[in-house]
Amino acid sequence: MTLCTAYNSYCTYLLLALAWMNMCRWWSDLGLANELKFARDQLLKWYFWPMAVLRDPKFSQERMDMTKPITMVYIIDDIFDVRGTLDELTLFAEAITRWECVEELPDYMKTCFRALDGITNEICLKAYKKHGGNPTDLLRKSWANLCDAFLVEKRWFTSRHSPSADEYLNIAIVSTGVHLAMAHSFALLCGGTNKQSLQALNTFTGMSASIAKILRLWDDLGSAKLRAAPVEQNSALLFLCSLCCFAACSSSAAAVYTLLLLQSAAAFIPQLIC
């Protein structure tokens, strides 16, 4: 290793260390880990997502900025999955759509909304200063779409409804948060004001849909194996079984069918690139 290479490696390491310190400070100051005890506290995991996509050291600030909405995706997911009642979640989804912290919301939802509003405003301000555009509508719409998808899934769980394959995947590709992450990265890197690009980001088709489908199916498959519960008690397996077009399938049959769907989605991506 030459002296120049060693110096560059040291600078990269120092940059990453400083960025991680800043993220830890931000997470502590945000206070959600203390106020929302039921939610996950996995900052390092959330920070790895933008690190895997934006690997160039020059994107250090963008990686930190992207970690913030990714964090809120997990927090809101836990609100829908762990804490909120169906009535509360319906009110919360409506509040996100209107982007208004209504008084009827429970305190923990108000706390979440204020944090989300602050992060969204911060990213929009940075996009405006850097690119001269205002991506507020794009980002708020992406959060509304995500919460609407979470709400549909919550209703399915509550009613024990088994959706069809198309019905499930149409919602699942939104609830992964892939489109939301793409909207925020577009705002930070490009400004998020081009009309054609805005329409593309709000349309759940193409490569982003294939990536979201792969992410969701792998996640469901992994969750089903980790929970190791009978089909009727395993929410992930219930969804996987619904993909088989009939409810009374075995866990192994659901897993095989899911792998076939994964193979199909992965094969579709090179066609889109070409």
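Let me begin with a definition: a residue is called buried when its relative accessible area is under 20%, exposed when that area is over 50%, and partly exposed in between, using a 1.4 Å probe and counting protein chains only. Please keep in mind that this is a predicted model, in which local features need pLDDT of at least 70 and side-chain atom pairs count only at pLDDT 80 or more, while totals for chains, interfaces and linings use all residues. Residues are numbered from 1 along each chain as its sequence is written, and side-chain values use heavy atoms, with hydrogens and water left out.

The protein has 13 helices and zero strands, where helices (H or I, at least four residues) and strands (E, at least two) are DSSP runs numbered from the N terminus. Of its 274 residues, 45% are buried. If we take contact to mean heavy atoms within 4.5 Å, then among contacts between residues at least 6 apart in sequence, 65% join residues at least 24 apart.

Now to helix α4, which covers residues 60–83. Why can we call α4 largely enclosed by the rest of the structure? Because 20 of its 24 residues are buried.

A nonpolar core is a set of buried Ala, Val, Leu, Ile, Met, Phe, Trp, Tyr and Cys residues joined through side-chain atoms within 4.5 Å. The largest such core has 51 residues, and Ile76, Phe92, Ile96 and Trp143 touch the most other members. Several helices give two or more residues to this core, among them α1, α5 (86–98) and α7 (136–159), but the largest share, 10 residues, comes from α4. There is also a second, separate core of 12 residues, which includes Ile171, Ile173, Ala209 and Leu217.

Which residues does Trp143 touch, not counting those up to four places away in sequence? Its partners include Pro69, Met72, Val73, Ile76 and also Trp99. Trp99 itself is found in the loop between α5 and α6, counts as buried at 10% relative accessibility, and has a phi near 55 degrees, a positive value in a residue other than glycine. Arg160 likewise has a positive phi, near 60 degrees, but it lies in the loop between α7 and α8 and counts as partly exposed at 49% relative accessibility.

Let me turn to Ser208, in helix α11 (residues 206–227). Is Ser208 buried or exposed? Ser208 is buried, with a relative accessible area of 11%. Leaving aside neighbours within four places in sequence, Ser208 is in contact with Val178, His179 and Met182. Met182 is 26 residues away along the chain, yet the C-alpha atoms of Ser208 and Met182 are separated by 8.3 Å.

I will finish with Met21, which has its place in helix α1 (residues 3–30) and is partly exposed, with a relative accessible area of 46%.

Methods: Expected span 1.5 Å × (residues − 1).
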